[in-house]
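This report goes through a few local features of the structure shown below.

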Amino acid sequence: MINEHSTTGKAAVLGAGTMGAQIAAHLANVGWRVLLLDIAPQQLTPEEEAKGLTLNDRAVRNRIAQSGLDRVSKLKPAPFFLPELRERIEIGNFEDDFPRLKEADWLIEAVVENPQIKRDLWSKVQGFVRPDTIVATNTSGLSIHEMSDDCSDDIKRRFLGTHFFNPPRYLKLLEIIPRKETDPEIVKAMTGFGEKVLGKRVVIARDTPGFIANRLGVHAMMIVFPLMDEFDMTVEEVDALTGPLIGHPRSATFRLTDIVGLDVMASVAKNLHERLDSPEDRAQFALTPLVQQMLQNNQLGEKTGAGFFRRLKDGTIEALDLKTGEYRPRQRAKFPQLDAIEKMPLKERLQALFNQDSRESRFLWRITAETLAYTAQHAPSLAEDPATIDNAIKWGFNWEVGPFEIWDALGVKEVADRLASEGKTVPPMVQEMLSAGRERFYEDQNGSKTLYVWSEKSSKPYQPSDEFMTTTEMAQKCPELERNADASVYDLGDGIYCVGIHSKMNTLGPGVLEIASKGLQRAEKEGKGLVITGIGEHFSVGFNLQLFLMMINAGEFDEAVMGTRAFQDALLQLRYASVPVVAATHGYTLGGGCEIALHCAATVASAETYIGLPEVGVGIIPAGGGTSTMLHRALKDLPPNADPYPAIRKVLETLGFGKVATSALEGMKLGFLREGIDVIEINPDRVLWTAKQKALSLSALGYKKPEEPKAMAVGDSVYSRALVELYNLKQGKLMSEHDYIVASKLAYVLTGGELSQPVEMPHSYFYRLECEVTYFLAQQPKTWDRMRHMLETGKPLRN
């Protein structure tokens, strides 16, 4: 049976539409083979007729599945970690290939969201599956029981619903919805599979319309529409108030709607409006006249070029004026009285927000009050306990804290009293809990945590596993031993310490290097190993360009090189430490951030690690040892007497074009990660734990600090070959003059500088060449222009 260790297997996906094809792609990402099926066409296309094909030709019969696979292969962001992984997917059709369903360990149906179509398909399919195959329907909110009631008792025992969020590769939440007959062991096994193989965070939801996340998350969006009219809010003001200020993502309300698509949100709301029982519930999801008008006008968001915002060809962003229905230049929302509040920790911020008497505070209180009351009113029908609800919203909609965590932060009794004083109904479950003498959904008494369980009107122990812990959670939970403005040292336990970078965008500078040194000293003196990570969404975007630009603008070129040497020395301390140093990377791992990982004994990379050395984009080369380390990796396994140029050329191409991997798997292909040494962790919330285990494992194996390696400095003959290729690129206008200068200097380092004959050199020699080139490039005015342009726009300048 499928379990948390099933990193290989075969799945069959029925339906090659948007969700089915992307689920198939993600299964291919994690090592599974997939059979992707869809209906067989009933008519030839003109192109098929012109080729003389008939309805019996396999290419015609598989056309719809093929189109689905082709379409998903072109999507951006890419559903596949690597384009070649689509080869793990076979295509077929419902009429010819149902007998092949016996090959599948997991069968996932993902056809159109129509309960009758799904029900009819399951009636046909059930006779073709193996007795041990787990069967599932993927739906965003239809009844699991309704579509599978006609199935046999044996199928019902193995049947469950899944709700992948779109796009499945990137979004964290997976809701699993069992039937009442579903074997609990299958639910447990699929939970482990979802978390450790698919990389999702899983919640078990009850079979109610919209399940947990869509029911509550879409409700929280729908209540904004009438309230923004009541409080006369613009779309910019609503987004300024309903984003990070209250612990929601930067996309807030209307930007999120434009990204997801107004039609998608409306479809979920319409489904809930149709399927909920009470008129009061249904009214919560009725589409407002504004939404109906925008749907009619095809103002669906990014997919149609206009929604609540639209971007003009010159890059100008306009916002929809809700009073006139016309677009106007986007305006910055101004709430000066909130400036001091927004710097507070989230829970204190929420308390302060709702204690103000201002238009924006009243607006936010109404949204929050309705969200909290609705959630507590319906939670007992949706899930077993508050943590399940909170996790579904945090993982599905990227809230920092869930609804019941907000209840606790504001005070359950205080919120209940305020609701009552405003004439609102206090949810019965809240009244019951308060009457029982419990005042929080989560309680911590003497280090023992408990969670309120409404079905039993009592508490149960609550201890989330340390195996799944984000870097932000780590910074909140683990003891902080050292700190400055840019980084901290934390104690992960078991002799493993962690340097957490928390500067702006996790940029690197003297503050980070100081804490890294202190963390390493502590690990070498008292512990077994050190983990380095970035707190928040990204590992690190690299060295602080602003600092570098200030030095070269002032003509302090020697100081710029001294800073480069200091950075090299700090990274070499990590490489030659007496304890293993492990990088735990995620998100952007660029420039100096990548160089940190390159100097560690091992890297544990989230599958969604976007890693590379793009320094050429700002007119310099990777000079924190990145160029030298990539050269060493390329040459160390070359056979004796082999021509080194192809290996050097590959590094020159990777660094010279500033290639950045769009997945950890691509990072391994480009050489930023090493097979057999570095680890790719599919679940981003498990990276820190896996990095800690890697450090403990290396320590237990008797880790010894490495000796300084050597690499062949190949000299002028190879350097000349590289210059010829670069010159041809420049002449062909594939490279600017300054690109040519930078790439030539990169080739100079990779070939060992001015040497007439090849000679083996220690790594330190190549590091000195990096500094030499940095000194030269720092004096080029076009380098300054590139750095300024990057800082101002976030985009490289090709001058």
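Is Lys669 buried, partly exposed or exposed? Lys669 counts as partly exposed, because its relative accessibility is 47%. In these terms, buried means under 20% relative accessible area, exposed means over 50%, and partly exposed lies in between (1.4 Å probe, protein chains only).

The model is predicted: local features need pLDDT of at least 70 and side-chain atom pairs count only at pLDDT 80 or more, while totals for chains, interfaces and linings use all residues. Residues are numbered from 1 along each chain as its sequence is written, and side-chain values use heavy atoms, with hydrogens and water left out.

**Salt bridges**

Side chains of opposite charge can pair when their charged atoms come close. A salt bridge here is a side-chain nitrogen of Lys or Arg within 4 Å of a carboxyl oxygen of Asp or Glu. By this rule the count is 64 salt bridges.

| Pair | Closest N and O atoms |
|---|---|
| Lys669 and Glu84 | 3.0 Å |
| Glu109 and Lys118 | 2.5 Å |
| Glu537 and Arg250 | 3.5 Å |

Lys669 forms a salt bridge with Glu84. Lys669 lies in helix H30 (residues 664-670) and Glu84 in the loop between helix H4 (63-73) and strand E3 (89-93), so this pair ties together parts that are 585 residues apart in sequence. Helices (H or I, at least four residues) and strands (E, at least two) are DSSP runs, numbered from the N terminus. Glu84 is partly exposed, with a relative accessible area of 33%.

In the pair of Glu109 and Lys118, both residues are buried.

Glu537 pairs with Arg250. Glu537 counts as exposed at 52% relative accessibility, and Arg250 is exposed with a relative accessible area of 67%.

Salt bridges also link Glu4, Lys196, Glu467, Glu681 and Arg686 in a network.

**Helix H17**

Helix H17 spans residues 346-354, and Leu346, Arg349, Leu350, Ala352, Leu353 and Phe354 are buried in it. An α-helix has 3.6 residues a turn, so residues three or four places apart point the same way. Among the elements that cover the buried residues of H17 are helix H18 (359-382), helix H20 (403-410) and helix H21 (412-421).

**Backbone details**

Which residues does a cis peptide bond with omega of about 0° join? They are Lys76 and Pro77. Pro77 is in the loop between H4 and E3. Another cis peptide bond joins Asn166 and Pro167, with omega about 5°. Pro167 belongs to the loop between strand E6 (159-164) and strand E7 (173-178).

Asn506 has a phi near 55°, a positive value in a residue other than glycine. Asn506 lies in the loop between strand E17 (496-501) and strand E18 (507-508), and is buried, with a relative accessible area of 5%.

Phi of Lys733 is also positive, near 60°. Lys733 is placed in the loop between helix H32 (716-731) and helix H33 (737-750). At 76% relative accessibility, Lys733 counts as exposed.

Key
Contact = heavy atoms within 4.5 Å.
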